[in-house]
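Dear colleague,

I am passing on the structure below, together with some notes on what came out of going through it. Please read the notes with the structure open beside them.

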Amino acid sequence: MAIPHRELIKKELIKLLASRSEGMKTSNIYVELAKVFPGLTLSECTERYRNSASKWANTVQFVRADLVDQGIIFRPGNDIPNGIWKLIPHGINNYSRVIGIKSIDVPANPEVIKTYTEEERVERISKIIERSSKAREICLSHYGYACMCCNTAVKDKYRNIQCHIIEVHHIKEISLIQNVYSVNPIDDLVPLCPNCHRAIHTVRPCYEINEFFDMYIG
Ligand SMILES: [Zn+2]
Ligand SMILES: [Zn+2]
């Protein structure tokens, strides 16, 4: 296959970066992004223009330059280390309608931010986000009402229960922007049944989500 259209790469790059809150290194981006397009062969990814970078790397760099100009990813070396590509948390809102990723700002109580240690603070803010009804609604409409860990849909275990019994869990590192927390309900939240949710929070900080899935024995 030919190297995909830049607009297509742009959407995939945003999705990729949206899943890595800490940002990504350039070399990893070339590799990870190429995997999104299974038709792309190794030689297409490494074939070079004259003496410069490969066509693939060049195209991805053009896409990055566009996204920097549009205020969607950080300008290299400005606010983050050189060689790291990272979404501007609010920048994703500019693009959300196009790619279908919605980011929601959850205002945090400033008292919560100031009074506690970093670990307690992150935990408290996670709770605020988990209770944000809009973020919860988008997460559940995307993933459904079964627990992502044990696959239980609690409602179906009983006769005559009228409402879903499910909680959402916040899995990502939290970024603070002027007392407002930006959450992507699809990448940052997962549905967990009350039991699993209780279990993941039995340590502080809570278990990392994949580690927790591995712990599940049924
Ligand atoms: Zn569960
Ligand atoms: Zn939780």
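A crossing of two helices is called right-handed if the near helix is turned clockwise from the far one by less than a right angle, and left-handed if it is turned anticlockwise. Please keep in mind throughout that this is a predicted model.

In that sense, the crossing of α1 and α4 is right-handed. The axes of helix α1 (residues 6–18) and helix α4 (residues 55–69) cross at roughly 70° and come within 10 Å of each other, which makes α1 roughly perpendicular to α4. On the α1 side the contact is formed by Arg6, Ile9, Lys10 and Leu13, which meet Thr59, Val60, Phe62, Val63, Asp66 and Leu67 of α4; of the residues in this contact, six are nonpolar, one is polar and three are charged.

Turning to the strands, β4 (residues 167–170) pairs with β7 in the antiparallel sense over four bridges, and His169 has Val190 in β7 as its bridge partner. Within strand β7 (residues 189–192), Leu189 and Pro191 point one way while Val190 and Leu192 point the other way, and all of them are buried. In a regular strand, side chains alternate between the two faces of the sheet.

Finally, Val183, which is found in strand β6 (residues 180–183), is buried because 28 other C-beta atoms lie within 10 Å, where 20 or more are required. Leaving aside residues up to four places away in sequence, Val183 touches Ser103, Ile104, Val106, Ile129, Ala135, Asp188 and Leu189. Val183 and Val106 are 77 residues apart in sequence, yet their C-alpha atoms are 7.2 Å apart in space.

Technical notes: Residues numbered from 1 in each chain as written. Chains lettered and ligands numbered in written order. Predicted model: local features only at pLDDT ≥ 70, side-chain atom pairs only at ≥ 80, totals over all residues. Axes fitted to C-alpha atoms, helices over the stretch in contact; angles between N-to-C directions. Helix = DSSP H or I, 4+ residues; strand = E, 2+ residues; numbered from the N terminus. Parallel < 35°, antiparallel > 145°, perpendicular 65-115°, else oblique. Contact = placed C-beta atoms within 7 Å. Nonpolar A, V, L, I, M, F, W, Y, C, P; charged D, E, K, R; others polar. Buried ≥ 20, exposed ≤ 12 C-beta atoms within 10 Å, placed from the backbone. Pairing = 2+ DSSP bridges.
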